[in-house]
Amino acid sequence: MEKFIKELKNNKYSFGQLALTIIFVTCLIISNIIAGKQIQLPFNLVMPGAVIIFPITYILSDIFSEVYGYAWSRATNYMGIIMNLLAVIAFTAAIKIPAPVFYENQEAFKTILGSTPKILIASTLGLWVGDFLNDNVFRLMKKKHKNTHDNYAQRALLSSLVGEIGDSMLFIPIVFYRAMPFEVMVKMIFTQAFLKVGYEALILPLSKTLMLKVSEYEKKH
């Protein structure tokens with residue numbers, strides 16, 4: 001946390017850096033809202049709804065590490081956790097405050113957002129551990145290519161795989177324990193991690209192009 005505060009105080013930020021950070025935090029909050037919904041995928045795979053958007057946070061985390069450095073990537077992690085907490089406090093307050101008699105959707109509103117505190121605990125632990133693993137694996141691999149973008153693809157995929165497995169091993173048991181058969185939950189942990197990394201691998205040409213564009217943009221600013 002000390003490095004996070006220091007990073008915020010001692011740096012000037014470009015529009016691109018702030019825009020990507022806003023996208024990162026927004027994707028994180030959205031993924032936590034839709035995480036309670038289980039979705040059925042081909043081959044009888046059951047995944048949390050967050051699989052739709054959560055991989056974007058790892059793609060952006062890799063770009064932060066590659067272009068802005070390890071300290072900024074960790075700073076965005078803490079920002080995400082803090083803003084997620086703020087969202088949960090707002091959801092909880094909205095549920096607890098009495099609704100007018102003509103409002104007919106209180107139970108539906110509670111059903112969708114009422115599980116958020118549990119998801120907050122799971123996502124906070126999962127995000128902290130997963131992103132920590134992702135950032136550090138990426139940082140260690142980056143040491144061999146300090147001043148270049150060589151082997152970015154290998155760094156991005158391997159670090160994301162390690163991070164996603166760490167995240168899933170915390171998030172899924174906390175959120176879905178007793179809500180599904182144990183064997184399904186174990187299968188989901190590893191399937192989700194590989195599915196998210198597969199998603200990242202599929203759009204790697206696009207994310208690498210984005211990283212190069214961001215790097216070029218920052219050199220001009």
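Q: Start with Lys-142: buried or exposed?
A: Lys-142 counts as buried, because its relative accessibility is 13%. Buried means under 20% relative accessible area, exposed means over 50%, and partly exposed is in between (1.4 Å probe, protein chains only).

Q: What am I looking at, and how is it counted?
A: This is a predicted model, where local features need pLDDT of at least 70 and side-chain atom pairs count only at pLDDT 80 or more, while totals for chains, interfaces and linings use all residues. Residues are numbered from 1 along each chain as its sequence is written, and side-chain values use heavy atoms, without hydrogens and water.

Q: What does Lys-142 pair with?
A: Glu-66, in a salt bridge whose closest N and O atoms are 2.9 Å apart. A salt bridge here is a side-chain nitrogen of Lys or Arg within 4 Å of a carboxyl oxygen of Asp or Glu. Lys-142 sits in helix H6 (residues 116-142) and Glu-66 in helix H3, so the pair ties together parts 76 residues apart in sequence. Helices (H or I, at least four residues) and strands (E, at least two) are DSSP runs, numbered from the N terminus.

Q: And Glu-66, buried or exposed?
A: Glu-66 is buried, at a relative accessible area of 6%.

Q: How many salt bridges does the structure hold?
A: Five. Another of them joins Asp-135 to Arg-74, with closest N and O atoms 3.0 Å apart. Asp-135 is in helix H6 and Arg-74 in helix H4, so that pair ties together parts 61 residues apart in sequence. Both Asp-135 and Arg-74 are buried.

Q: What about Lys-196?
A: Lys-196 forms a salt bridge with Glu-164; the closest N and O atoms are 3.7 Å apart. This pair links distant parts of the chain, with Lys-196 in helix H8 and Glu-164 in helix H7, 32 residues apart. Lys-196 counts as buried at 4% relative accessibility. Glu-164 counts as buried too, at 1%.

Q: Which residues do shared partners join into a network?
A: Glu-66, Lys-142 and Arg-155, through salt bridges that share partners.

Q: Switching to H8. How far does it reach?
A: H8 (residues 182-202) has 21 residues and spans 30 Å from first to last C-alpha, close to the 30 Å expected at 1.5 Å a residue. The expected span is 1.5 Å times one less than the number of residues.

Q: What covers its buried residues?
A: Strand S2 (45-48), helix H3 (55-68), helix H7 (152-176) and helix H9 (204-220) are included in the cover. The buried residues of H8 include Met-185, Ile-189, Ala-193 and Val-197.

Q: Which residues form the nonpolar surface patch?
A: Met-169, Phe-182, Val-186, Phe-190 and Phe-194, with about 510 Å² of accessible area together. Patch residues have over 30% relative accessible area and no salt bridge; like charges are joined within 9 Å, nonpolar side chains (Val, Leu, Ile, Met, Phe, Trp, Tyr) within 5 Å. H8 gives the most to the nonpolar patch, four residues. Phe-194, in H8, counts as partly exposed at 49% relative accessibility.

Q: Back inside. What's in the largest nonpolar core?
A: It has 21 residues, and those with the most contacts inside it include Leu-20, Phe-64 and Trp-72. A nonpolar core is a set of buried Ala, Val, Leu, Ile, Met, Phe, Trp, Tyr and Cys residues joined through side-chain atoms within 4.5 Å. H4 gives the most to this core, with six residues. Another core, of 20 residues, lies apart from it, with Ala-50 and Ile-172 among them.

Notes. Contact means heavy atoms within 4.5 Å. Accessible areas come from the Shrake-Rupley method with a 1.4 Å probe; for residues, only the protein chains shown count as cover.
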